[in-house]
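Look at the sequence and the model first.

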Amino acid sequence: MKLYMAYMRVYFYSVMQHKMSLTLTIIGQFLTSFFAFLGLTFLFGRFNQVLDFTYGEVLLCFATVLMAYSLAEFFARGFDTFDNMLANGQFDRIMVRPRNEIFQILSSTFELSRIGRFAQAVIIYLYAIPNSGVVWGGDKIAVQLLMIVCGTLFFATLFLLYAAICFFTTQGLEVFNILTDGSREFGRYPLSIYGKRILTFFTYIIPLACIQYFPLLYLTDKSTSVHHALSPLYATLLIVPVFWLWRLGIRHYKSTGS
């Protein structure tokens, strides 16, 4: 942990050498998410609810997913740019060091500019809490925390999956953004509004619904199932096959020669 914090301090010091660039990037990230929020607000200005979800409930869903995604980008950004590590030979240096490869990639970079997106999520979240109609108790607070923590791990796992695939393709696949950025975009609204097939895909293949839709049902008293309350924990099981694929990629890795 001390080494990880040391890496983080070094990165912060380097980024703060260009304060204006960082500030403008943070503002840009904030505005990007803000326009998405405006689109949601305009929709509910015309319709009182989507299916049986109110504006406040959808905002709670929107803020939770955005917060988890922002945290995952901040801490796991190294996996999102892993194809560059392979192309420039940086991963070769990582392989000969005594520390674990995942640890080194996690500590290689931090996306400080995502503070803008995270701030947007916090503002929406603070508005959504009293306006969602949720009767907050100890169990629902715990479920909400699970949604954020497990959601962060879920999106970080998607980044790790992207990195693992790069072992076999060398170059990053832009189509994979359908799963990473696409999950964030789909997560703006409860997944049931997209239809049964989409909900099934995001439950059993890419378990986004486990950190978004099912626990939201529990929070809004549309379900009393313990399985729905604990579903964010099920989403973390995705790390098992993804980690196996990562180890398989390392065993078959050959240097690009850069």
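Is Lys-222 buried, partly exposed or exposed? Lys-222 is partly exposed, because its relative accessibility of 30% falls between the limits of 20% and 50%. Keep in mind that this is a predicted model.

## A salt bridge across the chain

Lys-222 pairs with Glu-57 through their side chains, in a salt bridge with an N to O distance of 3.0 Å. This pair links distant parts of the chain, 165 residues apart. Glu-57 belongs to helix H3 (residues 55–80). Lys-222 sits in the loop between H11 and helix H12 (226–235). Glu-57 is buried, because its relative accessibility is 8%, under the 20% limit.

Asp-221 is also placed in the loop between H11 and H12. Its phi is near 60°, a positive value in a residue other than glycine. Most residues other than glycine have a negative phi.

How many salt bridges does a search of the whole structure find? The count is six. Side chains of opposite charge can pair when their charged atoms come close.

One of the salt bridges joins Arg-247 and Glu-101, with 3.6 Å between the closest N and O atoms. Here too the pair links distant parts of the chain: Arg-247 in helix H13 (residues 239–251) and Glu-101 in helix H6 (residues 101–106), 146 residues apart. Arg-247 is partly exposed, with a relative accessible area of 29%. Glu-101 counts as buried, at 13% relative accessibility.

Another salt bridge brings together the side chains of Arg-188 and Glu-185, at 2.5 Å from N to O. Arg-188 is partly exposed at 25% relative accessibility. Glu-185 is partly exposed as well, with a relative accessible area of 29%.

## The nonpolar core

The largest nonpolar core holds 74 residues. Which of its members touch the most others? They are Phe-79, Phe-82, Phe-91, Phe-155 and Trp-246. Helix H8 (residues 138–169) supplies the largest share of this core, 16 residues.

Take Phe-82. Leaving out residues up to four places away in sequence, Phe-82 touches Phe-91, Ile-105, Ala-163, Cys-166, Phe-167 and Trp-246.

## Around Tyr-213

Tyr-213 lies in helix H11 (residues 213–219). Is Tyr-213 buried or exposed? Tyr-213 is buried, because its relative accessibility is 12%, under the 20% limit.

Which residues does Tyr-213 contact, apart from its neighbours within four places in sequence? Tyr-213 is in contact with Phe-53, Pro-190, Leu-191, Ser-192 and Leu-199. Tyr-213 and Ser-231 are 18 residues apart along the chain, and their C-alpha atoms are separated by 9.4 Å.

Leu-24 is found in helix H2 (residues 19–46). Why does Leu-24 count as exposed? Leu-24 is exposed because its relative accessible area is 53%, over the 50% limit.

Conventions:
Residues numbered from 1 in each chain as written. Predicted model: local features only at pLDDT ≥ 70, side-chain atom pairs only at ≥ 80, totals over all residues. Heavy atoms only, no water. Helix = DSSP H or I, 4+ residues; strand = E, 2+ residues; numbered from the N terminus. Buried < 20%, exposed > 50% of the residue type's maximum accessible area, 1.4 Å probe, protein only. Core = buried A, V, L, I, M, F, W, Y, C linked by side-chain atoms within 4.5 Å. Contact = heavy atoms within 4.5 Å. Salt bridge = Lys/Arg side-chain N within 4 Å of Asp/Glu carboxyl O.
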